[in-house]
Amino acid sequence: MDNWDELRTAFQVARLGTVSGAADALGVHHATVIRHVDALERRLGAKLFQRHARGYTATEAGQDLLAVAGQADDQFTQLAGRIKGRGDEVTGELIVTSLGALSPLLVPTIALFQERHTDLRVRLISDARLFRLEYGEAHVAIRAGKLPDQPDNIVQPFFTQTLKLVASKGYLDRFGPLTGDNLTDHRFVGTTDDTPRAPYFKWLNDTVPTSSIYFRASSMVAVKEAVLAGIGIGFVASWDQDRTDDLVEMLPPLEDWTAKIWLVTHMDLHRTAKVQTFVRHLKDQVKSWPVG
């Protein structure tokens, strides 16, 4: 297992299913692909692929290789991103992770940044998992909740997001207004997370009986759509004006319905021109966002 070229070749064959596809992806001749796969199978003493007229199908051993080699390939890609990020120019690739719900604010801001830095390519990743900046999985992370405390990360306050507990007019016609005494008479939209990090969902889980939560979603986009559809009462960001004008606030806002948003960078990349310029851009643009 000491020849990465052979492993990488087999990974591409398993991923793409054909020798020609792997050859194109790697920029080599198809004969090189076949030679690498044959040599690796001899060394391992196992068949990695079933050959057929339409291409190559990974065997069980090949599937194992696909999983392990894929992780290794990702790590090398992330390493390359970290190394490229250490330059003095705002070029190459910028990887940003953020809450999906912030996309309406963030995407126009990134578009303006790319207008100013035309050689920059941006990858915006919206995922609930915590990306490991120390492994180069992202250059800048936008995170919500309590102060991030991972070692070697530099954390800066970005803004405070306030949520409103709202319902559609159609829901209000069916079930009436919400008071502090009639929670069990109403239907709510919650999160699929049993132990949510977001303070407003934590409040909902602690305050509203489980039997009153009729719809759960893993994203704020889906929560909003459920509220608009009249399924129940749920949280919508106060800055979100998209189709929310007709929603009715059901209770006055509470302190628990706010969430701190943080800018997080890793110390190895924090002072690079690309990261510094982008972070300054975010801090400047947030001043014009409809947030606290």
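Which helix gives the most to the lining of the largest pocket? That is α8, with four residues.

Before going further, a word on the model: it is predicted, with local features needing pLDDT of at least 70 and side-chain atom pairs counting only at pLDDT 80 or more, while totals for chains, interfaces and linings use all residues. Residues are numbered from 1 along each chain as its sequence is written, and side-chain values use heavy atoms, without hydrogens and water.

**The pocket**

A pocket here is an open set of points on a 1 Å grid over the protein atoms alone, where a 1.4 Å probe fits, with protein on both sides within 12 Å along at least five of seven lines; lining residues have an atom within 4 Å of a point. The largest one has a volume (the space filled by probe spheres set on the points) of about 1300 Å³. Of its 49 lining residues, Leu99, Ala144, Arg197, Ala198 and Tyr200 are the closest to the centre. Elements that each supply at least two lining residues include β5, β6 and β11. By class, the lining has 24 nonpolar, twelve polar and 13 charged residues.

Strands are DSSP runs of E with at least two residues, numbered from the N terminus. β11 (residues 258-266) has seven of its nine residues buried, meaning under 20% relative accessible area with a 1.4 Å probe, protein chains only.

| Partner of β11 | Bridges | Opposite residues |
|---|---|---|
| β5 (residues 140-144) | four bridges | Arg143 and Trp262 |
| β6 (residues 153-167) | nine bridges | Thr160 and Lys260 |

How values were computed: Buried means under 20% relative accessible area, exposed over 50%, partly exposed in between (1.4 Å probe, protein chains only). Two strands pair if DSSP finds at least two bridges between them. Ala, Val, Leu, Ile, Met, Phe, Trp, Tyr, Cys and Pro count as nonpolar, Asp, Glu, Lys and Arg as charged, and the others, Gly among them, as polar.
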